[in-house]
Amino acid sequence: MYTADGRKIIDAISSWWVNLHGHANPRIAAAIAEQARKLEHVILAGFTHDAAEELAERLRKWTPAQLTHMFFSDDGSTTVEVALKMALQHFGNTARSEKREIVALAHGYHGDTAGAMSVSDESPFTGPFQSMRYSVHRVHSAYCFRCPVGLKRESCHIECVQQLEELLAERGAQIAAVIVEPLLQGAGGMIVHPVEFLQKVRALCTKHDVLLIADEVLTGFGRTGKMFACDLANVTPDLMCVSKGITGGFLPMGITLCSDRVESAFRSENRLHTFYHGHSYTGNALACAAAIANLQIFDDEPVFDRIATITRVHALRLRHLSVMHQVGETRQIGTIGIVELRANDPGYLSDLRPKLYAFFLERGVLLRPLGNVVYVLPPYVMEPEELHHVYDVIVEAIETLL
Ligand SMILES: Cc1ncc(COP(=O)(O)O)c(C=O)c1O
């Protein structure tokens with residue numbers, strides 16, 4: 001990107017985790033322009049259009065086979081709202097309305113609308129809106145660096161999941177859904193979970209007839225090295241939220257996918273069983289065209305080779321960073337490299353954050369540390385030498401500021 005005074009800035013966070021194939025990607029730009037000449041938008045209630053149909057077909061090739069239904073909306077937060085509402089109404093429609101409680105993880109983040117804030121953990125983002133948040137059950141996440149049960153990953157057996165196990169044993173009959181960010185909790189501190197954690201959560205949900213919602217808003221579309229994080233763990237959720245990268249970072253769009261079992265509860269002569277949720281721009285044709293072009297790029301270009309190259313550079317640089325005394329832990333999942341710095345005041349409001357942000361930007365690198373956690377989340381077109389440059393600047397910042 002170039003500033004008004006001509007300085008160059010390299011976007012090392014994919015503009016809030018949305019961009020995949022570079023800014024102003026010509027293929028996506030052309031697809032949007034072509035779609036605009038055919039149809040810009042049409043109501044998606046009672047109507048459909050070619051671009052929405054094609055997008056659903058193409059997405060189906062990448063998503064778990066059991067998730068046969070797709071509900072369109074506008075952004076990550078609304079995909080979460082939709083998933084939560086679907087889970088609750090699913091049980092309501094099937095005469096099990098006692099199942100209406102939700103479980104979410106510590107350190108979770110699912111968006112800024114009221115329902116999404118409720119399932120997100122308490123943070124500076126939710127503080128002022130406490131009265132708008134409904135109560136949910138909160139259980140441990142697998143934050144190995146700060147293990148919630150005081151164990152070491154090398155010798156543990158994912159004991160952190162026992163809290164969920166006990167909760168479901170006790171209240172499973174009242175619980176509708178567990179929502180997780182699969183394998184990577186993003187805004188809560190870029191926390192990478194062992195795959196066994198997600199697998200155990202899946203098994204517990206199945207055992208207690210509780211729906212598993214996988215919020216893949218951040219992790220989707222290759223970020224973790226596979227198309228979706230759930231693929232890495234061989235886990236199929238009952239509902240899955242996708243957004244952010246779906247349009248390659250061009251336009252807002254979200255889709256909540258669900259299984260036939262979830263959807264079947266809404267197939268009814270009783271009109272009160274309808275899922276009454278809609279947004280004006282749902283299924284916007286321009287956004288659909290961008291998303292189709294994005295998936296076409298996955299089909300035609302060596303996107304997973306680019307992802308593998310980025311993955312290798314992260315691994316190399318993080319190995320060196322991990323031995324710096326200012327570094328608490330380095331973590332990685334696919335295209336995301338993470339450096340948790342030692343700080344007296346860890347967390348989003350750490351004093352390190354504004355200093356680091358300014359330091360990076362002065363050197364032409366856009367990075368937005370989550371407090372004392374610096375992460376690199378590049379578009380897949382970032383070249384190895386550019387990524388090395390980003391890491392050189394991070395090392396310089398650590399040596400200068402800490
Ligand atoms: C895991 C996750 N879910 C949901 C959201 C909310 O998405 P949006 O900002 O598009 O509403 C985010 C945003 O960062 C996210 O990381």
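This is a predicted model: local features need pLDDT of at least 70, side-chain atom pairs count only at pLDDT 80 or more; totals for chains, interfaces and linings use all residues.
Trainee: How do you know whether Ser-15 is buried, partly exposed or exposed?

Mentor: The limits are under 20% for buried and over 50% for exposed. Ser-15 has a relative accessible area of 27%, which lies in between, so Ser-15 is partly exposed.

Trainee: What makes the phi of Ser-15 and of Trp-17 worth a remark?

Mentor: Most residues other than glycine have a negative phi. Ser-15 is not a glycine, and its phi is positive, about 45°. Trp-17 is not a glycine either, and its phi is about 75°. Ser-15 lies in helix α1, residues 14-17, and Trp-17 is found in helix α1 too.

Trainee: How do you know which residues Met-190 touches?

Mentor: Contact means heavy atoms within 4.5 Å. Leaving out residues up to four places away in sequence, Met-190 touches residues including Trp-17, Leu-218, Ile-336 and Tyr-375. In the largest nonpolar core, which has 70 residues, Met-190, Phe-360 and Leu-367 touch the most other members. Helix α13, residues 384-401, gives the largest share of this core, eight residues. A second, separate core has 32 residues, among them Ala-51 and Phe-298.

Trainee: Why are β11 and β14 called edge strands?

Mentor: The open sheet has three strands in the order β11-β12-β14, with antiparallel pairing. β11 (327-333) and β14 (373-376) each pair on one side only, and these are the edge strands.

Trainee: What makes β12 and β14 a pair?

Mentor: Two strands pair if there are at least two bridges between them. Strand β12, residues 336-341, and β14 have four bridges, so they count as paired, in the antiparallel sense. Within this pair, Val-339 has Val-374 of β14 as its bridge partner. Helix α11, residues 303-321, lies across β11, β12 and β14 and runs at about 165° to β11.

Trainee: How do you know how many residues of each class are in the contact of α2 with α10?

Mentor: Ala and Ile are among the nonpolar residues, and Arg and Asp are among the charged ones. The contact includes Ala-31 and Ile-32 of α2 and Ala-289 and Asp-300 of α10. By class there are 10 nonpolar, three polar and two charged residues. The axes of α2 (residues 26-38) and α10 (residues 285-300) come within 8 Å and cross at roughly 145°, and the crossing is right-handed.

Technical notes:
Residues are numbered from 1 along each chain as its sequence is written. Side-chain values use heavy atoms; hydrogens and water are left out. A nonpolar core is a set of buried Ala, Val, Leu, Ile, Met, Phe, Trp, Tyr and Cys residues joined through side-chain atoms within 4.5 Å. Buried means under 20% relative accessible area, exposed over 50%, partly exposed in between (1.4 Å probe, protein chains only). Helices (H or I, at least four residues) and strands (E, at least two) are DSSP runs, numbered from the N terminus. Axes are lines fitted to C-alpha atoms, for helices over the stretch in contact, and angles run from 0 to 180 degrees between N-to-C directions. A crossing is left-handed if the near helix is turned anticlockwise from the far one by less than a right angle, and right-handed if clockwise.
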